[in-house]
Amino acid sequence: MNKYLLYPGCSMDSSAKAYMESLNSIVEPLDLHLEEIEDWNCCGATEYLGINLIPAYSLIARNLALAAKQTSDTRTVVAPCSACYLNLAKADYYMQERPTLGAKVNEALAAGGLEYKAGTLDVRHLIDVLVYDVGLDAIRKAVTHPLSGLKVAPYMGCMLPRPDYQHRWSDHEHPTELDDLLRALGADVIDYPLTTSCCGGHMTQIGPETAFELIHRLVADADERGAQMMVTVCPMCQMNIDAYQNEMNHFFGTSYHMPILFFTQLMGLAFGKSPEDVGIGVELVSSRNALAHIGVEVPVTQEVTAPRKKEGRLPMPRRWSKHEGKKEAVK
Amino acid sequence: MPQMTDERVRAGMTREEDLSLLHEVSMKTAGVSHLEMCIQCGTCGGSCPVAADMDHTPRMLFAMLRAGMREEVLRSNTPWLCVSCYHCVVRCPQEVHIADVMYTLKGMAIHAKLYTDSTAPHFSQTFVGMVETFGRGYELGLATRHYLRHFPLRLPGMMPMGLGMISKGRMAIVPKKIKHIDQLHAILNRAKELELTS
């Protein structure tokens, strides 16, 4: 039995609810026991750190303090979101590396009747415990519907394998954990050198042109290498590549259709769960055609289209962009 | 020490060496920043996926810090464009905590009100405002407020995406709030006092 304290993070019950649903669907076949940290708060994502140092780390450390206080026979915290994982792991590490930071954070925590001794907990990402604790053999045994014939691009993202102060990953730039796991499910894993390149993070919100460029690189490369879908371990990556793909296409004048699913969704499918059980159908770039390759039928959902978009509209000039020259080179 | 200054000026140095800015940034950074160890090799800029859009590469910015160019550094768009991908961090031969230094510089620019483009600082502040109010992120509130303020013209184009997210249950209409929000407020208020005294 593998028991862990779960830090879900804010996106797991909103934009990444498919991640949570699919995670719930695989705990039983893998004999995983996840106990949610009670009354956890947001980790501050990549925003709070850029405003105030002590409050940002105190915000993160409240979660660590609550986890350490929770009576449980485990001291491992599991986070499914890469940004949450990094924030929690980094806070734990920096509070040890700079004891003055640790002391100040604890002084702040004391105002809420809490304390946290850095190093008490092990902070790990979901895929880390699946690959290294549960193990690929156990995963292989649970597979009833191998994903053979499904060509997937394994996308690890950046905040998971880096900066990796705890030395948990096989490599900082080309880690193979996700590849190995997807292969264990029977999927046809393509070579994807951009596996740890950035999806743009919060740039979709504050500098969309920069983000579109990064999203474009990832999607175009996966497409060129023949992937039918990308597979991710992070809600932020999923959101950027899924929800902003349409805008990115509009910006570059391209027409990519690259669905991106969470690795837990594919695990669920391989374990014989139905598409509804693993939250398939809520992605904006539909995975319907891709999943048809492995005989999985996804019910048709109403696609939301832009208002007043009619054929034969007036000939308007194409939207100008500074990447105009690159448009031609793409397709 | 006026005599020493004269010697330096004669030796071709136009300003007295002043590392106070470098040390200030280093001390305000989480962990041990190693900023003083930068050897100006440029691996950071070469590894950066968004360097093309930056005013200065990280290497240039660190040289400017060493030169005490406070205003120029805090006005640079570089920290705001950093996507925290940590490519530079794992490649830096001196193990400088580059991404964390960028966070420090953002904070300093906000406090000194020295940023040029307000989009990113406002986004951070709106996000943090939501987290401080509810204890959790609130995407719909954040997106609406942010787009109305900074990208009103992008809103019509964003409608299909927003509606898609809402209709598929991926964006909550009402925010979630943690149970012990008072405890969180007490912690954050004390933390803010400590921030000022450090």
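Colleague: In S3(A), which residue is the bridge partner of Leu6(A)?
Modeller: The bridge partner of Leu6(A) there is Val78(A). This is a predicted model, in which local features need pLDDT of at least 70 and side-chain atom pairs count only at pLDDT 80 or more, while totals for chains, interfaces and linings use all residues. Residues are numbered from 1 along each chain as its sequence is written, and chains are lettered from A and ligands numbered from 1 in the order in which they are written.

Colleague: What makes S1 and S3 of chain A a pair of strands?
Modeller: Strands are DSSP runs of E with at least two residues, helices are runs of H or I with at least four, and both are numbered from the N terminus. Two strands pair if DSSP finds at least two bridges between them. Strand S1 (residues 2-6) and strand S3 (residues 76-79) of chain A are joined by two bridges and run parallel, so they meet that criterion. Leu5(A) stands opposite Val77(A) in S3(A).

Colleague: How many bridges link S3(A) and S4(A)?
Modeller: Four bridges link them, in the parallel sense. Val78(A), for instance, stands opposite Arg124(A) in S4(A).

Colleague: Which strand order does the open sheet of chain A have?
Modeller: The four strands follow the order S2-S1-S3-S4, with parallel pairing.

Colleague: What makes a strand of this sheet an edge strand?
Modeller: An edge strand pairs on one side only, as do strand S2 (32-36) and strand S4 (122-125) of chain A. Neighbouring strands of this sheet are turned by 40 degrees against each other on average, direction ignored. H3(A) packs on the sheet, where it touches S3 and S4 of chain A, and its direction makes about 160 degrees with that of S4(A). Such axes are lines fitted to C-alpha atoms, for helices over the stretch in contact, and angles run from 0 to 180 degrees between N-to-C directions.

Colleague: Why does Tyr192(A) count as buried?
Modeller: A residue is buried if 20 or more other C-beta atoms, placed from the backbone, lie within 10 Å of its own, exposed if 12 or fewer, and partly exposed in between. Tyr192(A) has 23 C-beta neighbours inside 10 Å, and therefore counts as buried. Tyr192(A) lies in the loop between strand S6 (188-189) and H7 of chain A.

Colleague: Which residues does Tyr192(A) touch, not counting residues up to four places away in sequence?
Modeller: Tyr192(A) touches Ala153(A), Pro154(A), Tyr155(A), Ala222(A) and Arg225(A). Contact requires that the C-beta atoms of two residues, placed from the backbone, lie within 7 Å.

Colleague: Which residues of H10(A) are buried?
Modeller: They are Gln245(A), Asn246(A), Met248(A), Phe251(A) and Phe252(A). Just after H10(A), Gly253(A) takes a positive phi of about 70 degrees.

Colleague: Into which domains is chain A divided?
Modeller: Chain A has domain 1 (2-125) and domain 2 (145-330), with bounds that come from an automatic or database domain assignment. Their centres, taken over C-alpha atoms, are 27 Å apart. In contact are 23 residues of domain 1 of chain A and 25 residues of domain 2 of chain A. The largest share of the domain 1 side, eight residues, comes from H1(A).

Colleague: How many residues of chain A are in contact with chain B?
Modeller: 58 residues of chain A are in contact with 59 residues of chain B. H2(A) gives the most to the side of chain A that touches chain B, with seven residues. By class, that side has 29 nonpolar, 19 polar and ten charged residues. Nonpolar here means Ala, Val, Leu, Ile, Met, Phe, Trp, Tyr, Cys and Pro, charged means Asp, Glu, Lys and Arg, and the others, Gly among them, are polar.

Colleague: How many helices and strands does chain B have?
Modeller: Chain B has twelve helices and zero strands. Chain B is divided into domain 1 (11-112) and domain 2 (119-197), and 28 Å separate the centres of these two domains, taken over C-alpha atoms. Buried residues make up 36% of the 198 residues in chain B.
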